[in-house]
Amino acid sequence: MPEKEPSICEEKIYNQLFKKHYEPVTKYIYYKCGSLQQAEDIVQNVFIKLWKLCATVTFSKAKAYIYKACNNLFLNDVAHQKVVLKHQQDIAKSTDYESPDFLIEVDEFREKLKAAINRLSVKEREVFLLSRIEKKTYREIAKLTGLTVKAIERRMSKALLELRDMLGKEIKL
């Protein structure tokens, strides 16, 4: 007879899930949105929802639920921001503020950059984000990944070349 799965409704089990997944899923969402505060808010809201729905989510599916729900909440936030941006554009058109087009271009580029980073291979994205977001040196990244510094340099070089190809000459990396 198969062993019964632990219940997420048990506070001890829920706390273990929270401790195990909070930081990694927060980083995952942070890399998508670029705002630690937004990432933390999203993840906290998902964990609150998980607690409320604990009877309907099995322990074996909890990790997938957490990541999927966080991603969906992030996408909802992006859609909401687009509506807000559109409204701000409409207001800006009716008044003559300084260069709203520039602000829009910055937001559009930020979205293009996030999409381009997401299209990198897992290995290249990992090295790029550790270097550029977490400000780790190649030596620190090599130690974390168990690779040589030369391998990290090659991955970073490839990531930068691919980003430049995807984004054109719009950026200086």
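In the predicted model, 5 residues of domain 1 are in contact with 4 residues of domain 2, contact being defined as heavy atoms within 4.5 Å. The protein chain is divided into domain 1 (11-76) and domain 2 (100-170), with bounds that come from an automatic or database domain assignment. The centres of domain 1 and domain 2, taken over C-alpha atoms, are separated by 25 Å. The size of an interface is often given as the accessible area lost when the parts come together. Between domain 1 and domain 2, about 480 Å² is buried, 51% of it on carbon and sulfur atoms; this buried area is the accessible area (1.4 Å probe) that two parts lose on being put together, summed over both. As this is a predicted model, local features need pLDDT of at least 70 and side-chain atom pairs count only at pLDDT 80 or more, whereas totals for chains, interfaces and linings use all residues. Residues are numbered from 1 along each chain as its sequence is written, and side-chain values use heavy atoms, with hydrogens and water left out.

Side chains of opposite charge can pair when their charged atoms come close. Between domain 1 and domain 2 the count is 1 salt bridge, a salt bridge being a side-chain nitrogen of Lys or Arg within 4 Å of a carboxyl oxygen of Asp or Glu. The side chains of Lys27 and Glu134 form a salt bridge with an N to O distance of 3.6 Å. In the whole structure, 6 salt bridges are found. Helices are DSSP runs (H or I, at least four residues), as are strands (E, at least two), and both are numbered from the N terminus. Lys27 is partly exposed, with a relative accessible area of 34%, and Glu134 is partly exposed at 26%. These classes rest on relative accessible area (buried under 20%, exposed over 50%, partly exposed in between; 1.4 Å probe, protein chains only).

Arg110 is partly exposed at 43% relative accessibility, and Asp107 is partly exposed at 31%. The side chains of Glu111 and Lys114 also meet in a salt bridge, at 3.7 Å from N to O. Glu111 is partly exposed, with a relative accessible area of 38%, whereas Lys114 counts as buried at 15%. Glu111 and Lys114 both lie in helix α4, 3 residues apart, or about one turn of the helix. Salt bridges that share partners join Glu23, Lys27 and Glu134 into one network.

In helix α5 (122-132), the buried residues are Glu124, Val127, Phe128, Leu129, Leu130 and Ser131. The cover over these buried residues includes α1, α4, α6 and α7 (149-167). Ser131, which lies in helix α5, has a relative accessible area of 10% and is therefore buried. Leaving aside residues up to four places away in sequence, Ser131 touches Lys136, Tyr138, Ile141 and Met156. Lys135 is placed in the loop between α5 (122-132) and α6 (138-145). Although Lys135 is not a glycine, its phi is positive, at about 60 degrees. Lys135 counts as exposed, with 63% relative accessibility.

Helix α2 (residues 36-52) comprises 17 residues and reaches 24 Å from its first C-alpha to its last, close to the 24 Å expected at 1.5 Å a residue. The expected span of a helix is 1.5 Å times one less than its number of residues. The buried residues of α2 are Ala39, Ile42, Val43, Val46, Phe47 and Leu50. These residues lie on the same side of α2 because they cover an arc of only 130 degrees around the axis, the arc being that of the directions from the helix axis to the C-beta atoms. Gln37 and Lys52 are exposed on the other side of α2.
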